[in-house]
Amino acid sequence: WADRRWKLGGKAVWSALALSLLLSAAPVRGVVSASLWGRTPLTTPPQRTVAWIKQATDSGDVLATEADGRLYLLTGRRTVHLRNIHEPEAFFRWLLDHHVSYVVSFPTDYIMMTPAKNLESDPLPLETLNGLLADESRYEPVFGDEAERAAVYRVRTRSSGFPRRARPGAG
């Protein structure tokens with residue numbers, strides 16, 4: 001009797017399968033619904049920010065952002081992935097070395113962190129990035145959208161208005 005109960009055609013197997021499908025239907029429906037119709041930072045591009053970038057930047061400009069692939073696909077602009085650099089001078093030097101014209105700040109709370117908390121691979125925390133970009137001698141805020149929690153900063157270079165430093169001994 002026990003062998004017959006567990007056969008593929010047995011009622012117990014089909015009952016267990018039906019119960020399993022029934023119990024998993026609601027969670028699966030929720031995941032599919034959120035993926036297709038939910039409006040989250042992960043599923044909804046920052047439309048006003050993207051529109052501004054397309055309208056106000058040149059095709060040769062380079063953008064640095066955590067959402068580099070997404071921003072490239074949506075704007076057609078060259079992008080580089082932000083490095084997790086916390087030191088202001090090193091961060092600015094990295095931007096200049098990579099010919100970055102603009103830094104685009106988005107929330108990073110939906111981006112998964114590495115289990116080891118590898119600072120080089122993990123996203124630069126938004127608070128840290130915004131702190132670095134607060135230096136108005138190096139970065140000029142040119143666009144912001146509170147609803148999208150996005151901001152765009154122009155990197156000041158010598159050609160774009162970076163203040164010249166006095167040479168030692170010049171007076």
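Modeller: The buried residues of helix H5, residues 88–97, are Phe-91, Phe-92, Trp-94 and Leu-95. Buried means under 20% relative accessible area with a 1.4 Å probe, protein chains only; helices are DSSP runs of H or I, at least four residues, and strands are runs of E, at least two, numbered from the N terminus. This is a predicted model, where local features need pLDDT of at least 70, side-chain atom pairs count only at pLDDT 80 or more, and totals for chains, interfaces and linings use all residues. Residues are numbered from 1 along each chain as its sequence is written, and side-chain values use heavy atoms, leaving out hydrogens and water.

Colleague: What do the buried residues of H5 pack against?

Modeller: Strands S1 (62–65), S2 (78–81), S3 (102–105), S4 (139–145) and S5 (150–155), plus helix H6 (126–132). Contact means heavy atoms within 4.5 Å.

Colleague: And the largest nonpolar core, which members touch the most others?

Modeller: Of its 19 residues, those are Ala-64, Phe-91, Leu-95, Val-100, Val-103 and Tyr-139. Such a core is a set of buried Ala, Val, Leu, Ile, Met, Phe, Trp, Tyr and Cys residues joined through side-chain atoms within 4.5 Å. H5 gives the most to this core, with four residues.

Colleague: Switching to what follows the helix: what is the phi of His-99?

Modeller: Just after H5, His-99 has a positive phi of about 55°.

Terms used: Buried means under 20% relative accessible area, exposed over 50%, partly exposed in between (1.4 Å probe, protein chains only).
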